[in-house]
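Please open the structure in your viewer and keep the sequence panel beside it, so that each selection can be followed in both places.

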Amino acid sequence: MNVLIAEDLYLLRDGLAHLLQAHGFTVVGAVDSGPELLKGLLELRPDVSIVDVRLPPTFTDEGLQAALAARKSVPGLPILVLSQHVEQLYARELLADGSGGIGYLLKDRVFNAEQFVDAVRRVAEGGTAMDPEVIAKLLASNARHEPLAALTPREREVLEAMAEGRSNAAISQRLYLSESAVAKHTANIFAKLGLAPSDDDNRRVLAVLAYLQSRT
């Protein structure tokens, strides 16, 4: 599985490369700027890219801008954002097309190698890996819209867990609910958001997030 890393801090960039190589990934590139990232994404077409939001030359949003530009040329290109910041506008835009693996993790909330490697693999396989804080901010920014406001507190918890990429079984364990109860909450969520049900966890999460983005 080929990985491209975009991180401006040398120690973190090098550490990520060694961590991924130790878990069987092939690091095909490690860049430290937005232009280099865009070039690498288009030329190397990696199985997954780990992207910091703020890269040189301006340290604002070059990472996400490069990722968005690359996905326009290569739809569905898997991107895992790893950042200290939640850029709500670009995060919603990145999620909006509903295709390909997408992840958004916060650096200070990655607590062990297994958690991180699992997220990388999930995104590479076309799934989602969203930090709960990122999802909470995206949901909060859309809370004024009637369909989302109609969700119960429990349904919002289920929706947040879905957006992290969790299966019904995993949500059941996390929220101490039966799987049948999770399935019922999921059906209610789709009904209230006007979305067609799907048995594919990844597609249903992307559909929900695309819907939330479209309502802003």
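**Starting in the core**

Select L37, I79, L94 and Y104, which have the most contacts inside the largest nonpolar core, a set of 30 residues. Several elements give two or more residues to this core, namely strand 1 (2-6), helix 2 (34-44), helix 3 (62-73), strand 4 (79-83), helix 4 (88-96), strand 5 (102-106) and helix 6 (132-141). Helix 3 gives the most, with 5 residues. Keep in mind as you look around that this is a predicted model.

Now keep L94 selected and show what surrounds it: leaving aside neighbours within four places in sequence, L94 is in contact with L64, A67, L68, R71, I79, V81 and I102.

**Strand 1 and its partners**

Next, select strand 1, where 4 of the 5 residues are buried. Strand 1 pairs in the parallel sense with strand 2 (residues 26-31), over 5 bridges, and you can pick out V3, whose bridge partner in strand 2 is V27. Strand 1 also pairs in the parallel sense with strand 3 (residues 48-51), over 4 bridges, and here I5 has I50 as its bridge partner.

**A residue with an annotation**

Move on to D52, in the loop between strand 3 and helix 3. An unreviewed UniProt entry carries the annotation "modified residue: 4-aspartylphosphate" for D52. Is D52 buried or exposed? D52 counts as buried because its relative accessibility is 6%, and the cut-off for buried is under 20%. Not counting residues up to four places away in sequence, D52 touches A6, E7, D8, G63, L64, L82, S83 and K107.

**Backbone details in the loops**

Stay in the loop between strand 3 and helix 3 and select P57, which is found there; the peptide bond from P56 to P57 is cis, with omega near 15°. F59 is found in this loop as well, and F59 has a positive phi of about 55° although it is not a glycine. With a relative accessible area of 43%, F59 is partly exposed.

Finally, go to R45 in the loop between helix 2 and strand 3, where phi is near 50°, a positive value in a residue other than glycine.

Terms used. Residues are numbered from 1 along each chain as its sequence is written. This is a predicted model: local features need pLDDT of at least 70, side-chain atom pairs count only at pLDDT 80 or more; totals for chains, interfaces and linings use all residues. Side-chain values use heavy atoms; hydrogens and water are left out. A nonpolar core is a set of buried Ala, Val, Leu, Ile, Met, Phe, Trp, Tyr and Cys residues joined through side-chain atoms within 4.5 Å. Buried means under 20% relative accessible area, exposed over 50%, partly exposed in between (1.4 Å probe, protein chains only). Contact means heavy atoms within 4.5 Å. Two strands pair if DSSP finds at least two bridges between them. UniProt positions are given in the numbering used here, feature names are shortened, and annotations may be inferred rather than shown by experiment.
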